[in-house]
Amino acid sequence: AVVSTQSTGGGRASEEIFFGTITTGAADDLRKVTNWTYGMIVQYGMNKEIGNLSFDLNQNPYLKPFSEETSYKIDAEAKKYVDEAYVRTITLLRDKKADVEKVAEALLAKEVLTKEDMVSMLGPRPWGEKTSYEELVAGTGGDMEDSSLPSGLKGLHKQLEEEREKEKEAKKEEAS
């Protein structure tokens with residue numbers, strides 16, 4: 001979610017850095033960032049200040065299932081989260097300004113850029129490239145890292161294949 005918030009806010013931050021102004025072009029991005037942030041805080045319990053709580057706001061839009069004090073805390077945490085993400089985005093774009101300009105120039109010359117175009121301009125990804133599920137989850141330390149087949153599913157493919165063969169044979173016998 002942090003990466004989504006930063007990348008979605010990148011359009012507005014880019015306007016500020018490269019054009020020195022902010023337009024209404026990023027309005028949809030701001031709406032998305034706001035919805036994600038409030039969702040993280042209010043629905044998914046992903047905020048230390050509010051805690052592991054989930055409030056259902058879809059029941060009645062006029063009744064909040066929390067106090068005014070909690071409402072103020074939620075707003076303050078959402079603003080803090082979005083502001084921090086925006087600062088990180090501005091910092092990243094300023095640090096990579098030359099690279100962003102290279103890509104922008106290339107896009108003006110050529111409407112679609114390939115992976116090869118990006119690698120030739122920016123170099124290979126510093127963290128390498130993951131191409132399989134196993135590579136993507138390796139080193140995460142989570143349950144997802146184990147991509148072996150669960151014991152309850154071992155042999156299932158063979159069992160299903162045998163059942164299909166039996167069904168085919170039964171249909172042949174019915175037809176004759």
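Reply: Helices here are DSSP runs of H or I with at least four residues, and strands are runs of E with at least two, numbered from the N terminus. You are looking at a predicted model, in which local features need pLDDT of at least 70 and side-chain atom pairs count only at pLDDT 80 or more, while totals for chains, interfaces and linings use all residues. Residues are numbered from 1 along each chain as its sequence is written, and side-chain values use heavy atoms, with hydrogens and water left out.

Let's begin with the second largest pocket, which holds about 150 Å³ of space. A pocket is an open set of points on a 1 Å grid over the protein atoms alone, where a 1.4 Å probe fits and protein lies on both sides within 12 Å along at least five of seven lines; lining residues have an atom within 4 Å of a point. Its volume is the space filled by probe spheres set on the points, which are joined across faces, edges and corners.

Helices α3 (27-43) and α4 each supply at least two lining residues here, and α3 gives the most, with six. Among the lining residues are Thr34, Tyr38, Val42, Phe66, Ser71, Ile74 and Asp75. By class, this lining has five nonpolar, five polar and two charged residues. Ala, Val, Leu, Ile, Met, Phe, Trp, Tyr, Cys and Pro count as nonpolar, Asp, Glu, Lys and Arg as charged, and the others, including Gly, as polar.

The largest pocket has a volume of about 810 Å³. It has 23 lining residues, and those closest to its centre are Lys96, Asp99, Met118, Leu122 and Trp127. Helix α4 (68-95) turns up again, as one of the elements that give two or more residues to this lining, but α6 gives the most, with four. Ten nonpolar, eight polar and five charged residues make up the lining.

Now for the charged pairs of α4. Lys73 and Glu69 form a salt bridge, their closest N and O atoms being 3.7 Å apart; the term needs a side-chain nitrogen of Lys or Arg within 4 Å of a carboxyl oxygen of Asp or Glu. About one helical turn separates this pair, because the two residues are four apart in α4. Lys73 is partly exposed at 32% relative accessibility, whereas Glu69 is exposed at 53%. (Buried is under 20% relative accessible area, exposed over 50% and partly exposed in between, with a 1.4 Å probe and protein chains only.) Asp83 and Lys79 also meet in a salt bridge, at 2.6 Å from N to O, and they too lie four residues apart in α4.
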